[in-house]
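Welcome! Have a look at the sequence and the 3D structure below, and then let us walk through some of the details together.

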Amino acid sequence: MTSNESEPVAVEPGKADDDLANAARRLFMQRVGSAGVVGVASVASAAAATAATAAAVGLAKPAWGGATLRDAMGDLFQQHYQRMSDEEMQAALARIERKAKRKFGIDIHCEDTKPMPGTYFGYALNISKCRGYRECVAGCVRENNQGRDSQVQYIRVLEMDNGDHDLNHSEHYFDPETVPVEGKWYLPVQCQQCDNPPCVKACPVGATWLDPDGIVVIDYNWCIGCRMCMSACPYWARHFNWTEPQIPADQVNPITNYLGNRPRMKGVVEKCHFCTQRTRKGRQPACQEACPTGARVFGNLLDPNSEIRYILEHKTVFRLKEELGTEPKFWYFTDEARARP
Amino acid sequence: MDQDRMRQAGRTALLVALWVGGNVCLAQSGSNADRMDAIAGAEVGHALRPTGAVQLPVGTTVVVPPALVRDAQVHAPTAVDPFVAPDGQPPQTEFTGYPQRLPPTVVPRQPALAFYPCARCHQYLPVNATPRVLAPAHEVGLNHGAGRFWCDTCHDLNDKNTLHTLRGTAVDFNNAWRICGQCHQARQKDWYFGGHGKRLYSWKGEPVRYDCTHCHNPHRPPFMQRKPQPPPPVRAGLAAMPPPVMLNSPVWVKHTDRLIEGGNHDKQ
């Protein structure tokens, strides 16, 4: 959207009407920028080609990551999420929307969805009901704008032999004609939203933290891509973008959240965030909505009448690797009722 | 003579089973639902477990294993139900919900039924309770209850547009959970409070849930197997994962290519 691009952000007040100057400067930046990437010798050819065609023929990425110099500088000097003023946040959100427009050619809406007061989220998953359909994975990929080829999938459905709970023996590339396979059971694993999260302790720059509603979130702009959190996480829940995430433009989910499903960049870590863009507005997480068997239950742990509290109080539940002291807020349960005292 | 005695025994056993089932509904409406649940569950398990090929309606061929007959005659109820009237007849009350909570809102099921209203055809057809092969408009095959059921167990033969409980109370198709819960008390309780079944729209507020029959075909309740969604892609630049048999197998299976013809143990 041209008006959106030329609209000045808070850094440059007073130039709102100078569309022509802005456009000229942007064009200049694109051309000189692409020349800078492919080398000085190709200045002449680069001047003839736009940044977009340069990217299309595979010469190099357009300069500034396909953004304008102003946006690139804005990203570079962007503050940590928790230290941004409202004006800075609005500018950052506008930058995200402009970048998505350039990359995918569509208008997305990005906002900073705050936690709802009085909520502390938890999740319960019925392993008696999970049948390995992987519908949750498909729903999650669609909802959270995960790269389609980058192997970034927040949910891993593990297939194990009956009677075996050794995760080393699990298989998550299973692809039989029909599931469930006789003699196998299925254990979907995603971020356990630990209450004592080792990933947060491992992050050297504080790019990830536990939000007040119990969700461990990431400021993708603050992440330096060191992957310390990945090695600290005992649940393989964190994923690194080795490549620029590739999403077909018509499949991008345009409703996004800063700490949630906004389009990510290459070189940052991401993970399940309980669909902050949905759950903080009262909707169900995408995996729960996609699950055809009703195995997934999401809710507010602080509400004594919530379904998740009923499950925790009436069912036999377990948590993955509980002995590590990570206090996951993700429980697995079975159909069997807890033995009555 | 022998035939007659068997038939008589079968009728006794069925009455016992239905009577105990009735008590279950009753017990759930009591104030101490948990405890009554436990007691009723034990009784049902006890009475129904040995049944073989019992067919409804009573009066047709009934084959009852001798064990069930013996159990029904020998064993007294294991607990005294305070809700049973002195004459032994269960009172005419139905399970309407748990005292702690109102029943969840259920997504209407009737609009999804292809042939509803059933009376469109059945108003012209005579009532026939005999077990037989049904017209093709119906669900083919009844694979539920191990042969104990026939249509009239759940459907009201005189008003085909409604279901009815074992006691005969009419229940419409949008509230089939009241029918299912007569036997599946534990599931029904889980569903009622959110431990079973699929909730829609929102995680907060009053729940909106699918009815039992939305997900389970009542004539063939288990889920069918089907193709899963595709496995995760292999990241660009990496080789595909080796087959799991290589990763997860014991060492001697991983190295089967080292086997020598005729067995390694002989060659040492």
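Leaving aside neighbours within four places in sequence, A:Asn261 is in contact with A:Glu143, A:Asn144, A:Asn145, A:Asn253, A:Ile255, A:Thr256, A:His273 and A:Gln277, where contact means heavy atoms within 4.5 Å. You will find A:Asn261 in the loop between β8 (255-257) and β9 (269-270) of chain A; helices (H or I, at least four residues) and strands (E, at least two) are DSSP runs, numbered from the N terminus. A:Asn261 counts as buried because its relative accessibility is 0%; buried means under 20% relative accessible area, exposed over 50%, and partly exposed in between, using a 1.4 Å probe and protein chains only. A polar atom of the A:Asn261 side chain lies 3.0 Å from the backbone oxygen of A:Glu143, and a polar atom of that side chain lies 3.0 Å from the backbone nitrogen of A:Asn257.

Before going on, please note that this is a predicted model, in which local features need pLDDT of at least 70 and side-chain atom pairs count only at pLDDT 80 or more, while totals for chains, interfaces and linings use all residues. Residues are numbered from 1 along each chain as its sequence is written, chains are lettered from A and ligands numbered from 1 in the order in which they are written, and side-chain values use heavy atoms, with hydrogens and water left out.

A:Glu143 also belongs to helix α7(A), where the buried residues are A:Glu135, A:Cys136, A:Val137, A:Ala138, A:Gly139, A:Cys140, A:Val141 and A:Glu143. Because eight of its nine residues are buried, α7(A) is largely enclosed by the rest of the structure. The buried residues of this helix pack against β3 (156-161), α10 (276-279), α11 and β10 of chain A. Just after α7(A) comes A:Asn145, with a positive phi of about 55°. In the loop between β2 and α7 of chain A sits A:Arg134, whose phi is near 65°, a positive value in a residue other than glycine. A:Arg134 is buried, with a relative accessible area of 3%.

Now to the place where the two chains meet. The contact takes 53 residues from chain A and 38 residues from chain B. The area buried between them is about 4,000 Å², and carbon and sulfur atoms give 50% of it; buried area is the accessible area (1.4 Å probe) that two parts lose on being put together, summed over both. A:Tyr173, A:Glu307 and A:Tyr310 supply 16% of the area that chain A buries against chain B, more than any other three residues.

How many salt bridges does the rule find across the interface of chain A and chain B? There are seven, a salt bridge being a side-chain nitrogen of Lys or Arg within 4 Å of a carboxyl oxygen of Asp or Glu. One of them links A:Glu177 with B:Lys227, the closest N and O atoms being 3.7 Å apart. On the side of chain A that touches chain B, the elements that give two or more residues are β2 (121-126), α7 (135-143), α11 (286-290), β10 (296-300), α12 (307-314) and β12 (330-337) of chain A. Of these, β10(A) gives the most, with four residues.

A search of the whole structure finds 20 aromatic pairs over all chains; rings of Phe, Tyr and Trp (its six-membered ring) pair if their centres lie within 6.5 Å, and planes under 30 degrees apart count as stacked, over 60 as edge-to-face and the rest as tilted. Here are two of the pairs:

| Pair | Arrangement | Centre to centre | Between the planes |
|---|---|---|---|
| A:Phe121 and B:Trp203 | edge-to-face | 5.0 Å | 85° |
| B:Tyr98 and B:Phe193 | tilted | 5.3 Å | 50° |

A:Phe121 lies in strand β2 of chain A and B:Trp203 in the loop between α6 (185-193) and β4 (208-209) of chain B, so this pair joins two chains. B:Tyr98 lies in the loop between α3 (66-74) and β1 (105-106) of chain B and B:Phe193 in helix α6 of chain B, so their pair ties together parts that are 95 residues apart in sequence. Both B:Tyr98 and B:Phe193 are buried.

Finally, chain B has nine helices and four strands. Of its 268 residues, 31% count as buried.

How values were computed
Polar contact = N/O pair within 3.5 Å; in protein donor to acceptor, adjacent residues only side chain to side chain.
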